[in-house]
Amino acid sequence: MLKAICSKKELTLCRYYSCISDIVDLPEIIRLKEITHHISTTRFQHCINVSYYAYVTCRFLRLDARSAARAGLLHDLFYYDRREYNISRKKHQPKHSRRHSDMALENAMKLVSVNSKEQDMIVKHMWPATIAFPKYMETYIITLVDKYCAVLEFCIPKFKKFIKFRRTNQ
């Protein structure tokens, strides 16, 4: 079952899935299920969350929803532990916030054909940390959706834990 955070919709049964069906089951994407991301989720789930909500937003605004869905799925396609990288990086090396988007694009381009809009979304999803301005409205959307999903992924488990604690202590 494939779902996005805060959604009850089964994603394999909706129009969104046709945008990512050719890449979501690739071994390189499935491997993201093994990597913890934003403390309480996996990198795979985070990418699904960003992909789905970027798709929904772009579709609502009559933008390129297909490219947004694909770029969302590929935007964090890297395999190193970002905490270890930041601890061990040398002064001349770029910070994770700048480095990982370039690496994600490089990895994505090895897997599938990535159009110019998807490339912009992947490489600039960390704007303004990436400095270069996004070229497309879809890139701004994926940037905002990425931050929104990160907040949900961090807060919702804590909120559920708090609710459970309150119920057991009443």
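Axes are lines fitted to C-alpha atoms, for helices over the stretch in contact, and angles run from 0 to 180 degrees between N-to-C directions. The views below show a predicted model, in which local features need pLDDT of at least 70 and side-chain atom pairs count only at pLDDT 80 or more, while totals for chains, interfaces and linings use all residues. Residues are numbered from 1 along each chain as its sequence is written, and side-chain values use heavy atoms, with hydrogens and water left out.

**View 1. Overall architecture of the protein.** The secondary structure comes to eight helices and two strands (DSSP runs numbered from the N terminus, helices being H or I with at least four residues and strands E with at least two). Read from the N terminus, the elements follow the order α-α-β-β-α-α-α-α-α-α. Of the 170 residues in the protein, 46% are buried (under 20% relative accessible area, with exposed over 50% and partly exposed in between; 1.4 Å probe, protein chains only). Among contacts in the protein with a separation of 6 or more, 59% come from residues 24 or more positions apart (contact: heavy atoms within 4.5 Å).

**View 2. Helix 3 packed against helix 4.** Helix 3, residues 43-60, and helix 4, residues 65-74, pack with their axes 7 Å apart and at an angle of about 165°.

**View 3. Helix 4 packed against helix 7.** Helix 4 packs with helix 7, residues 116-123, at an angle of about 40°, and their axes are 9 Å apart. That angle makes helix 4 oblique to helix 7, and helix 4 passes helix 7 in a right-handed crossing. Ser67, Ala68, Arg70, Ala71 and Leu74 of helix 4 make this contact with Glu118, Met121 and Ile122 of helix 7. Sorted by class, the contact of helix 4 with helix 7 has five nonpolar, one polar and two charged residues. Nine of the 10 residues of helix 4 are buried, so this helix is largely enclosed by the rest of the structure. The buried residues of helix 4 are Ala65, Ser67, Ala68, Ala69, Arg70, Ala71, Gly72, Leu73 and Leu74.

View 4. A search of the whole structure finds six aromatic pairs (rings of Phe, Tyr and Trp, the last by its six-membered ring, with centres within 6.5 Å; planes under 30 degrees apart count as stacked, over 60 as edge-to-face and the rest as tilted). The rings of Tyr16 and Tyr55 have their centres 5.4 Å apart and their planes at 65°, so this pair is edge-to-face. Distant parts of the chain are linked by the pair, as Tyr16 lies in the segment before helix 1 (17-20) and Tyr55 in helix 3, 39 residues apart. Tyr16 is buried, with a relative accessible area of 1%, and Tyr55 is buried as well, with a relative accessible area of 6%. Tyr53 and Tyr148 form an edge-to-face aromatic pair, with 6.3 Å centre to centre and 85° between the planes. This pair too links distant parts of the chain, with Tyr53 in helix 3 and Tyr148 in helix 8 (residues 137-168), 95 residues apart. Tyr53 is buried, at a relative accessible area of 16%, whereas Tyr148 is partly exposed, at 46%. Ring pairs link Tyr16, Tyr52, Tyr53, Tyr55 and Tyr148 into a cluster.

View 5. Lys124 is found in the loop between helix 7 and helix 8 and is buried, with a relative accessible area of 12%. Leaving aside its neighbours within four places in sequence, Lys124 is in contact with Thr130, Ala132, Phe133, Pro134, Lys135, Thr139 and Thr143. His100 belongs to helix 6, residues 96-111, and is buried, with a relative accessible area of 3%. The C-alpha atoms of His100 and Phe78 are separated by 6.7 Å, the two residues being 22 residues apart along the chain.

Key: Angles under 35 degrees count as roughly parallel, over 145 as roughly antiparallel, 65 to 115 as roughly perpendicular and the rest as oblique. A crossing is left-handed if the near helix is turned anticlockwise from the far one by less than a right angle, and right-handed if clockwise. Ala, Val, Leu, Ile, Met, Phe, Trp, Tyr, Cys and Pro count as nonpolar, Asp, Glu, Lys and Arg as charged, and the others, Gly among them, as polar.
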